[in-house]
Amino acid sequence: MENKLNLPANFEGYPEMRKKGFLNMKAQKDMGKKVVGMFCSFVPVELIHAAGLIPVGLCAFTDEPIPAAEAHLPKNLCPLIKASYGFALTDTCPYFFFSDLVVGETTCDGKKKMFELMNEIKPTYVMQLPHSRDKDALAFWKGQIISFKEKLEEFFGITITEDAIRDAIRRKNRERTVMREFLELGKLDPAPLSGYEMGTRIDAGSFSFDLTERCNVVEARTAEVKAEWEANHGESGTRPRLLVTGCPNTGVRDKVIKAVEEMGADVVAFDTCNGIREKVELVDETNPDVYEALAIKYLNINCSVMSPNQSRLDYIAKMIDEYHIDGVIEIVLQSCHTFDVEAHFVKRMVTQEKGVPYLNIETDYSQSDSGQINTRLAAFLETIEK
Ligand code: SF4
Ligand code: SF4
């Protein structure tokens, strides 16, 4: 196995937490642990924890493997889908390599069809996600969650008890609470840390496979930042306070979030999958039906693949008030139709109901539009009165 492992060429340049995650994973595999790779916040990760398996996120955020992916996939597809498939195809992602089973979901069309191709490389189980939140959808989704549990049992030859699921729900709820408290540091004014740090720290946490350790590291950082802010903060800041919403932004963090912060703004809030989107609602620990509790929580994730999706608009409006937002940037990955179409409602709510400037950036993982994005960000900041 070691010989087949092909670490990315720039492995030495990775943040310490991620390097540590790679090596941790190898150590876990050497001890006989099994790994489940996944791509989306809708996957009920509690079942994977309850099974004693290691869940690992496989979404890819660099354009490096995209040319290889485009040999099989259309060019005008979301870069996240192409990059994720490209890593699998070229066997250059250690996490994919280490995964025994991959779990996909029918969130968007591009992803669900890509999983059919991925299944030819590695066993890929696809959960059928309904796209509404009525009672029929809930019953169907609960059935899908039970089927996924049965798949894990059959594939790995194990039994997943309800007690183990309850324990995993408690541990995962704690993690959501800890991450949310960290992200809510953005409510402080002046901003106590950069949005860039918030994003990278949350992402880095996903490379630590011990939930308790992950929580402890982030909890300690939250306490440290709060203490420092209380001791040193002055008047309310003069830098514009921005909310970032839309598609997963890890692959474009440098050219949008870092760039706008270097121009003098603070990104203080994230309505995104690597922000607060999945952490808003906990799984109800008091529901005697663990499958129903999981189904309710996951169906309420306010991703644009849901229709209608008023709860996303309501939550963004709430964040604008609570984080004292001066401007909203929506990031749409190229060819992501659901976020692209829903942007109409987001823009209307932000500008007309809240009276806040809004900028929509459609982009991909390449650097070819960096100059144009810089120009648009600078012009956007000029529209914000502070
Ligand atoms: S944006 Fe939606 S589809 Fe994409 S990872 Fe998040 S929940 Fe899943
Ligand atoms: S960003 Fe949009 S198109 Fe890309 S995988 Fe997520 S939902 Fe699908």
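Ligand 1 is surrounded by C40, S41, F42, T107, C108, C247, P248, C273, I301, C303 and V305. The model is predicted. The protein has 386 residues, and its secondary structure comes to 15 helices and eight strands.

**Ligand shell**
- By class, the shell around ligand 1 holds nine nonpolar and two polar residues, with no charged ones.
- Among the surrounding residues are the cysteines C40, C108, C247, C273 and C303.
- Also part of the surroundings are S41 and T107, along with F42, P248, I301 and V305.

**Overall fold**
- The C-alpha trace spans about 60 × 50 × 40 Å along the principal axes of the protein.
- A compact globule of 386 residues would have a radius of gyration near 21 Å, and the 20 Å of this protein therefore agrees with that expectation.
- Of the 386 residues, 44% are buried.
- Taking contacts between residues at least 6 apart in sequence, 73% join residues at least 24 apart.

**Packing of helix 4 and helix 6**
- Helix 4 covers residues 79-90 and helix 6 covers residues 109-118; the two pack at an angle of about 10°, and their axes are 10 Å apart.
- Because angles under 35 degrees count as roughly parallel, helix 4 and helix 6 are roughly parallel to each other.
- Helix 4 contributes I81, Y85 and A88 to the contact, while helix 6 contributes G110, K111, M114, L117 and M118.
- The residues in this contact of helix 4 with helix 6 divide into six nonpolar, one polar and one charged.

Definitions and conventions: Residues are numbered from 1 along each chain as its sequence is written. Chains are lettered from A and ligands numbered from 1 in the order in which they are written. This is a predicted model: local features need pLDDT of at least 70, side-chain atom pairs count only at pLDDT 80 or more; totals for chains, interfaces and linings use all residues. Axes are lines fitted to C-alpha atoms, for helices over the stretch in contact, and angles run from 0 to 180 degrees between N-to-C directions. Helices (H or I, at least four residues) and strands (E, at least two) are DSSP runs, numbered from the N terminus. Angles under 35 degrees count as roughly parallel, over 145 as roughly antiparallel, 65 to 115 as roughly perpendicular and the rest as oblique. Two residues are in contact if their C-beta atoms, placed from the backbone, lie within 7 Å. Ala, Val, Leu, Ile, Met, Phe, Trp, Tyr, Cys and Pro count as nonpolar, Asp, Glu, Lys and Arg as charged, and the others, Gly among them, as polar. A residue is near a molecule or strand if its C-beta atom, placed from the backbone, lies within 6 Å of it. The radius of gyration is taken over C-alpha atoms; the globule rule is 2.2 Å times the number of residues to the power 0.38. A residue is buried if 20 or more other C-beta atoms lie within 10 Å of its own, exposed if 12 or fewer, and partly exposed in between; C-beta atoms are placed from the backbone.
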